[in-house]
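Please look over this note with the model open beside you, and follow each point on the structure as you read.

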Amino acid sequence: MRNDDCIFCKIIAGEIPSRTIYEDNDFKVILDASPASKGHALILPKDHCANIYEINEELLAKAAKLAKKLTIHMTEQLHCDGFNIVQNNGELAGQTVFHFHIHLIPRYHGMKNNDILCWTHEDFSAEAQDQICQKLRYS
């Protein structure tokens with residue numbers, strides 16, 4: 001399935017050029033056009049789905065396995081010092097293209113964007129944390 005208004009669908013179809021580092025029947029993996037670091041790549045499912053809420057669970061599991069394989073390969077090839085695997089859902093969470101994708105971001109000592117995924121910690125009382133925990137228990 002494809003969305004004709006989606007830039008990632010156009011990249012997958014070859015209508016927009018990209019630097020592809022991996023491709024199979026389910027995914028195309030490209031270097032990010034606006035990278036946070038050397039080797040920053042995106043895992044793009046070939047079937048359009050906007051976010052984690054819409055992606056097929058089997059495809060999501062395949063994406064996670066591919067992320068692990070590529071992280072290992074990229075670490076060996078780029079000699080990075082760490083790695084972020086990031087997946088954003090919704091505008092408030094930083095999603096700018098509404099086609100599910102996973103960022104693979106190699107990290108290097110001394111690079112300027114090493115604080116890109118930092119946040120300040122929120123303070124919640126023990127009672128509030130207990131209430132949140134109770135609300136979120138899932139079986």
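Predicted model: local features only at pLDDT ≥ 70, side-chain atom pairs only at ≥ 80, totals over all residues.

1. Residues are numbered from 1 along each chain as its sequence is written, and side-chain values use heavy atoms, with hydrogens and water left out.

2. The protein chain holds three helices and five strands, where helices (H or I, at least four residues) and strands (E, at least two) are DSSP runs numbered from the N terminus. Read from the N terminus on, the order of these elements is α-β-β-β-α-β-β-α. The C-alpha trace of the chain spans about 55 × 40 × 25 Å along its principal axes.

3. Of the 139 residues in the protein chain, 33% count as buried; buried means under 20% relative accessible area, exposed means over 50%, and partly exposed lies in between, with a 1.4 Å probe and protein chains only. The chain exposes about 9700 Å², and carbon and sulfur atoms supply 52% of that area, as computed by the Shrake-Rupley method with a 1.4 Å probe, where for residues only the protein chains shown count as cover.

4. Strand E1 (residues 20-23) pairs with E2 in the antiparallel sense over three bridges, and two strands are said to pair if DSSP finds at least two bridges between them. Thr20 has Ile30 in E2 as its bridge partner, while a hairpin of three residues joins E1 to E2.

5. Neighbours within four places in sequence left aside, Ser37 is in contact with Ile105, Pro106, Tyr108 and Met111, contact meaning heavy atoms within 4.5 Å. The side chain of Ser37 also reaches the backbone oxygen of Pro106 at 2.6 Å.

6. Phe124 sits in the loop between strand E5 (102-107) and helix H3 (126-136), and Phe124 counts as partly exposed because its relative accessibility is 49%. Together with Ile132 and Leu136, Phe124 forms a nonpolar patch on the surface, with about 310 Å² of accessible area for the three together. Such patches are made of residues with over 30% relative accessible area and no salt bridge, nonpolar side chains (Val, Leu, Ile, Met, Phe, Trp, Tyr) being joined within 5 Å and like charges within 9 Å; a salt bridge is a side-chain nitrogen of Lys or Arg within 4 Å of a carboxyl oxygen of Asp or Glu.

Notes: Polar contact = N/O pair within 3.5 Å; in protein donor to acceptor, adjacent residues only side chain to side chain.
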